Amino acid sequence: MTADTFRIGLAGLGTVGVGVIKILQTHADMIAARAGRKIEVLAISARDQNRDRGIDLSAYEWTENPERMAGDPRLDAVVEVMGGSDGPALSLVETALKARKPVVTANKALIATHGVHLAGLSDQTGTPLKFEAAVAGGIPVIKALRESFAGNRLNAVYGILNGTCNYILTEMRRTGRNFLDVLEEAQAKGYAEADPTFDIDGIDAAHKLSILTALGFGVKPDFPAMKIAGIRHVSAGDIDHAAELGYRIKLLGVARRLDDGKIVQSVEPCLVPEGHPLAAVDDVFNAVFVDGDFMGKEMLVGRGAGEGPTASAVVADLIDLVRGDRGPSFGVPVDDLVAAIWAEPADIISGFYLHLTVLDKPGVLAAVSAILRDYNVSVEAMIQRGRNPDQPVSIVLTTHEARQSDIDGACADIAKLSQVTGSPCVMKLIEI
């Protein structure tokens with residue numbers, strides 16, 4: 001160790017932590033040239049010291065309690081890649097910032113949940129908190145929002161923020177298989193966890209969108225305010241119907257500013273026109289659209305997760321630290337972040353896709369049409385095929401622009417009809 005060495009403690013030796021060590025080992029000289037100093041891992045910590053992680057860790061000091069890294073005077077920074085919104089990860093980051101030790105984290109749940117508190121500690125102590133790796137893996141969207149697009153007033157930030165869901169929806173479209181079959185394949189390939197809840201229920205994407213909303217609009221992250229819907233209810237039939245109508249179904253995180261200043265923030269499956277660039281983003285890739293008043297629309301695309309992309313983002317943050325980058329975590333001091341005024345359903349206007357399963361009886365379509373009329377919802381297109389008297393059949397409708405509150409009310413009333421079986425499947429048509 002010399003004065004020319006930037007020494008770090010690394011907490012977490014899963015996929016990302018191991019990836020960070022691999023990059024620092026493989027490109028040590030190149031990184032030193034770019035950063036101006038050598039970056040060296042001094043101490044490591046994880047739950048299981050004896051697990052085989054496929055790399056030689058014998059050169060690094062083992063620390064039983066990761067929080068102790070914050071008090072180690074030999075360390076110049078701490079990297080947190082343990083995961084989890086609370087517990088050891090939160091304690092480590094809090095302790096490090098209070099001790100004026102810079103932190104790099106890939107922990108989206110931590111930043112989405114405690115971002116204001118941690119950014120406040122960062123501001124108070126003048127200690128950098130960096131989290132490029134928390135959103136979209138190797139896509140430098142945090143840096144873009146915080147730096148490259150800083151001269152713009154943003155109108156919208158939206159995109160595909162979860163590779164697992166994107167892979168599942170892509171394979172369902174390509175093969176015609178149902179959700180559960182493709183989910184099982186995704187788990188076998190390592191694209192989905194054994195417990196895939198955070199991915200397929202939209203929670204992972206919502207954590208990321210909460211961070212992007214804060215950066216894009218200068219508001220406090222507010223994860224509990226998010227509308228979240230996952231992809232469990234999307235059927236192979238929905239994907240086929242969408243294709244017939246000229247759309248592809250994608251799980252999107254959308255944050256946009258309305259004319260009155262209110263902000264829409266949601267994660268949900270949406271129908272994207274086939275000609276939209278997002279429609280062509282398939283498999284495990286992520287993509288983020290940023291719409292600014294002077295820059296117009298820009299799209300950033302790449303691998304949103306995995307050892308290489310996410311670890312690369314962590315190392316990029318470390319290089320920025322060595323270079324002396326000490327900008328505020330969310331692009332402005334935390335005291336300048338405002339509480340967002342979130343849009344209500346009555347504020348949100350969109351076209352909608354409705355998939356109804358009904359008993360094939362006379363008058364059912366008239367009853368559905370009457371309810372839509374009463375809620376000021378106008379039908380744009382309809383798909384109804386075949387006859388199966390007194391048996392369930394599908395009716396698929398798309399609407400002209402309508403208020404979310406009117407669609408919600410209409411669907412609640414439609415679900416009460418005796419001829420309707422199950423709840424209507426409702427998704428937005430995204431034209432942005």
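Let's start with helix α11, which covers residues 307-323: its 17 residues reach 24 Å from the first C-alpha to the last, close to the 24 Å expected at 1.5 Å a residue. Keep in mind that this is a predicted model. Quite a few residues of α11 are buried, including Ala-311, Val-314, Leu-318 and Ile-319, and the buried list also takes in Asp-317 and Asp-320.

Now for the strands. Six of them make an open sheet, with parallel pairing, in the order β3-β2-β1-β4-β5-β6. Which strands stand at the edges? They are β3 (61-62) and β6 (129-130); each has a single partner strand, so one side of each is left without a neighbour in the sheet. Further in, β4 (residues 77-80) and β5 (residues 103-105) pair in the parallel sense over three bridges. Glu-80 has Thr-105 in β5 as its bridge partner. Helix α3 (residues 87-98) packs on this sheet and touches β1 (5-11), β4, β5 and β6, with its direction at about 165° to that of β4.

**Salt bridges**

How many salt bridges does a search of the whole structure find? The count is 25. Here are three of them:

| Pair | N to O distance |
|---|---|
| Asp-325 and Lys-130 | 3.2 Å |
| Asp-282 and Arg-174 | 3.9 Å |
| Lys-227 and Glu-268 | 3.3 Å |

Asp-325 is partly exposed, at 22% relative accessible area, while Lys-130 is buried, at 4%.

In the next pair, Asp-282 sits in the loop between β10 (263-273) and β11 (285-292), and Arg-174 is in helix α6 (residues 163-175), 108 residues apart. Here Asp-282 is buried, with 12% relative accessible area, and Arg-174 is partly exposed, with 46%. Both also belong to a network of salt bridges, whose other members include Glu-171, Arg-177 and Lys-250.

The last pair links two strands: Lys-227 is in β8 (residues 227-228) and Glu-268 is in β10, 41 residues apart. Lys-227 is partly exposed at 37%, whereas Glu-268 is buried at 7%.

Cys-165 has its nearest cysteine sulfur, that of Cys-270, 12 Å away. For Cys-270, the nearest is the sulfur of Cys-425, at 11 Å. Cys-165 counts as buried because its relative accessibility is 0%, and Cys-270 is buried too, at 1%.

Conventions. Residues numbered from 1 in each chain as written. Predicted model: local features only at pLDDT ≥ 70, side-chain atom pairs only at ≥ 80, totals over all residues. Heavy atoms only, no water. Helix = DSSP H or I, 4+ residues; strand = E, 2+ residues; numbered from the N terminus. Expected span 1.5 Å × (residues − 1). Buried < 20%, exposed > 50% of the residue type's maximum accessible area, 1.4 Å probe, protein only. Pairing = 2+ DSSP bridges. Contact = heavy atoms within 4.5 Å. Axes fitted to C-alpha atoms, helices over the stretch in contact; angles between N-to-C directions. Disulfide = S-S within 2.5 Å. Salt bridge = Lys/Arg side-chain N within 4 Å of Asp/Glu carboxyl O.
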